[in-house]
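Please read the following account alongside the sequence and the coordinates.

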Amino acid sequence: MFELIKTGTQFDFMSKTKIFFVISGLVFILSLGIVFTKGFNFGIDFAGGTIIQMQFSSAPDVDKIRSAMDSLDIGEVVIQNFGAPEEILIRVEKTERDLNEVANTIKESMGNTFPDNEFIVERVEQVGPQVGADLKSKATYAVLYSLIGVLIYVAFRFQLIFAVGAVLAISHDVVITLGIFSIAGKEITLTIIAALLTIVGYSLNDTIVVFDRIRENMQEDKTDMDLKKLINKSLNETLSRTVLTSLTTLLAVGSLYLFGGEVINGFAFALLMGIVVGTYSSIGIASAFVYVLTKKKREAKAA
């Protein structure tokens, strides 16, 4: 039978805790720095404005569309192809004009600019600036509340040390994913917030499986096994499950990213980054944190 990781494999993960903490700390700080200095490319959901998606009978000249939009003086306009060359997405931000008026003006302008190239309006989305700011605030609270919920749940099911380790690992995953989004200049929309909450759940599930095995081995061990050996044993016992679960999930999400189209592209990209970082953090952050703090706690009792 095929085995990705052979039974009896003994990786000494806990000897690398300092390396894990240094690498993760540097990437975490770098991600925070990028987020605070560069910021995010907020979508219409948060920035407010109008999105119009149009499908032309033949591929239009994007430069002509841009010139037509510049002459309208309706605010900051972003024009891009949306999948096929015939599909165009026009996004208007930071406008003081009525959003319905903006949408109607754009439609009229496109009709005048391309009289021989028929088009249909597939989608119109409008979000006022106040609504966008409110959604941004609610999205931030949603992520924070999920982290508090994780802290309470893991502390109740395991111990406070385990809970703090889980929250650190999940915070690490979310911040690094946001840092990647900031570097890549990808849009932050409500769909991406849903992806971040999915990452929280996925990372927690991965971490809980490892914690459960650590606790089980702690309860079953009657030989006073060294803490490092016990946690390494637990990690190696769950390693095959962790890797296989992550690989199969990555295959599914990777297919969404490659073939799912523009609408779901950002969501799939966030999940790809989150799954990779989350798989690492369940070992390199959560388990390593529990090991270091439990070791210090035992040493303090023995002193």
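How many residue pairs are in polar contact between domain 1 and domain 2, counting pairs with both residues at pLDDT 80 or more? The count is 1 residue pair, where a polar contact is a pair of N or O atoms within 3.5 Å, one able to donate a hydrogen and the other to accept it within protein, and where residues adjacent in sequence count only if both atoms are side-chain atoms. On the domain 1 side that touches domain 2, β1 (41–42), α5 (129–157) and α9 (262–302) each supply at least two residues, with helices (H or I, at least four residues) and strands (E, at least two) being DSSP runs numbered from the N terminus. The residues of that side divide into 3 nonpolar, 2 polar and 2 charged, with Ala, Val, Leu, Ile, Met, Phe, Trp, Tyr, Cys and Pro taken as nonpolar, Asp, Glu, Lys and Arg as charged, and the others, Gly among them, as polar.

This is a predicted model, in which local features need pLDDT of at least 70, side-chain atom pairs count only at pLDDT 80 or more, and totals for chains, interfaces and linings use all residues. Residues are numbered from 1 along each chain as its sequence is written, and side-chain values use heavy atoms, with hydrogens and water left out.

The domain assignment, which is automatic or taken from a database, gives domain 1 as 16–43 + 131–298 and domain 2 as 50–127. Their centres, taken over C-alpha atoms, are separated by 39 Å. In contact (heavy atoms within 4.5 Å) are 7 residues of domain 1 and 5 residues of domain 2. The two domains bury about 450 Å² between them, 58% of it on carbon and sulfur atoms; this buried area is the accessible area (1.4 Å probe) lost on putting the two parts together, summed over both.

Between the domains there is also 1 salt bridge, defined as a side-chain nitrogen of Lys or Arg within 4 Å of a carboxyl oxygen of Asp or Glu. The side chains of Arg91 and Glu187 meet in a salt bridge at 1.5 Å, N to O. The structure holds 7 salt bridges, including one between Lys138 and Asp134, whose closest N and O atoms are 3.4 Å apart. Because Lys138 and Asp134 are 4 residues apart in helix α5, about one helical turn separates them.

An unreviewed UniProt entry lists several spans as "transmembrane region", among them 20–40 and 190–211. Residues 20–40 are 90% helix and 0% strand, with end C-alpha atoms 27 Å apart, whereas residues 190–211 are 100% helix and 0% strand, with end C-alpha atoms 31 Å apart.

Definitions and conventions
UniProt positions renumbered as here; feature names shortened; annotations may be inferred.
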